[in-house]
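Dear colleague,

Please find below the structure that I am handing over to you. My notes on it follow directly after.

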Amino acid sequence: MDITSKHVINDIDHGDNVRVRIIASDDNWIESDAIAQLKKTAELPGMKLAVGLPDLHPGKGQPIGAAFVTENIIYPHLVGSDIGCGMTLYEFKKSRRKLKFDKLEKQLRNFESIDEEVADCVDSPPDLSAFDFPNELNKKLGTVGGGNHFFECQSVHEIIDEAAFDCINVNKNSLFLLVHSGSRGLGQHILTQHVSQYGGAGIKDDSADQYLLKHNFANDWAVLNRQVIADKIERLVGSGLKNILDVSHNHVYPLSASECEALQLNTDQKYWIHRKGASPSNQGLVMIPGSRGSLSYLVKPVISSNGHSAISGFSLAHGAGRKWKRSDCKGRISHRFTVKELESTPLGSRVICENRNLLYEEAPQAYKNIDGVVSDLVDAGLITVIASFKPVISFKTTRK
């Protein structure tokens with residue numbers, strides 16, 4: 001049943017035992033394959049709620065930009081191979097006028113040349129032996145990774161909610177750093193271990209202790225990875241960084257009693273929220289980035305006394321969402337844009353990406369309109385927008 005005038009919240013009839021919901025307006029194009037994957041995933045045993053956010057798009061069997069609530073069972077493949085992947089936002093302590101963009105770009109181009117040096121200098125590297133993980137995985141600490149991972153220097157474009165912005169206690173004229181990365185090969189290793197033993201089957205929650213220990217370890221490792229990335233940038237730029245937020249969007253956690261009540265679930269059972277490319281709406285501020293050629297939005301989740309935030313599974317979009325398959329990107333735009341043209345954006349920002357295939361795969365045209373995604377969340381009553389941020393320098397890789 002649609003409950004907003006713009007038809008943003010759409011429930012799909014999927015039987016008595018599971019609710020399937022898509023939060024997207026008529027203007028927001030959602031690929032039919034993504035909807036089909038959402039419905040198919042909702043058929044898994046123990047499923048109670050499947051929610052597609054406005055950035056919903058097809059994944060490898062399961063959609064990305066979705067949240068799933070299950071009863072007494074955990075599905076590791078609904079978390080995926082990059083456990084703990086998320087966004088961390090920092091403010092540069094050095095004044096923006098001292099961070100000259102030409103010099104900053106040159107400094108950041110040295111980022112990957114100090115990988116091993118910094119990884120070796122981590123005060124207390126995670127103890128991988130506790131789970132018999134390969135020791136070389138710690139060498140990936142402080143690395144961005146491929147795919148849609150990045151870090152980006154940003155400036156404030158527009159402040160929409162002055163009072164909320166003031167509460168963050170940052171300078172609107174500062175330069176900011178947004179880091180998007182995860183657990184790198186560690187999460188993949190954990191998922192591969194599970195799939196080799198159980199295939200696509202879930203784990204009953206009374207037998208899930210070992211997976212959850214590994215999951216939580218990987219989540220902490222991902223948080224540390226983003227911090228080490230920031231530490232490297234501090235060294236390169238010569239400026240301290242102030243942490244504003246850190247939010248994971250690939251994880252599984254038990255629902256609290258109050259959350260179960262808000263979802264009208266039987267509190268005698270145990271329920272789990274799986275997020276695959278979905279930010280939690282109950283852990284503070286969230287940054288929702290667009291593509292490298294568009295704005296990012298700092299938002300405040302709406303936590304209402306009537307439990308309205310439960311309609312989205314206490315989840316929000318984590319980005320713009322892909323519009324094109326990676327394999328299609330180069331063919332679609334290589335005749336329209338040269339490599340040189342893709343190394344800058346209409347917003348005047350610069351792109352550091354020496355891998356040509358990745359440069360095409362992550363082109364702004366391959367993503368949906370972030371404004372529409374954020375607008376859908378606002379119209380659904382799930383967020384208020386605090387400010388928009390404009391990219392200055394986007395970093396992917398200097399490796400060809």
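**Notes on the model**

A polar contact of 2.6 Å links the side chain of Ser 349 to that of Thr 345 (a polar contact is a pair of N or O atoms within 3.5 Å; within protein, one must be able to donate a hydrogen and the other to accept it, and residues adjacent in sequence count only if both atoms are side-chain atoms). This is a predicted model, in which local features need pLDDT of at least 70 and side-chain atom pairs count only at pLDDT 80 or more, while totals for chains, interfaces and linings use all residues. Residues are numbered from 1 along each chain as its sequence is written, and side-chain values use heavy atoms, with hydrogens and water left out.

Ser 349 sits in the loop between helix 10 (339–342) and strand 17 (350–353); helices (H or I, at least four residues) and strands (E, at least two) are DSSP runs, numbered from the N terminus. With a relative accessible area of 1%, Ser 349 is buried (under 20% relative accessible area; exposed is over 50%, partly exposed in between; 1.4 Å probe, protein chains only). Leaving aside neighbours within four places in sequence, Ser 349 is in contact (heavy atoms within 4.5 Å) with Arg 292, Glu 343, Ser 344, Pro 391 and Val 392.

The structure holds zero disulfides, a disulfide being a pair of cysteine sulfur atoms within 2.5 Å. For Cys 353, the nearest cysteine sulfur is that of Cys 329, 12 Å away. Cys 353 is buried, at a relative accessible area of 2%, and Cys 260 is buried at 4%.

The largest nonpolar core has 47 residues, and Val 69, Leu 255, Leu 263, Leu 382 and Ile 383 have the most contacts inside it. Such a core is a set of buried Ala, Val, Leu, Ile, Met, Phe, Trp, Tyr and Cys residues joined through side-chain atoms within 4.5 Å. Helix 12 (residues 370–379) gives the most to this core, with four residues. Apart from it lies another core of 23 residues, including Phe 111 and Ile 233.

The largest pocket is lined by 47 residues, of which Ile 64, Gly 147, Asn 148, Lys 276 and Arg 326 lie nearest its centre. On a 1 Å grid over the protein atoms alone, a pocket is an open set of points where a 1.4 Å probe fits, with protein on both sides within 12 Å along at least five of seven lines; lining residues have an atom within 4 Å of a point. Helix 6 gives the most to this lining, with three residues.

Yours sincerely
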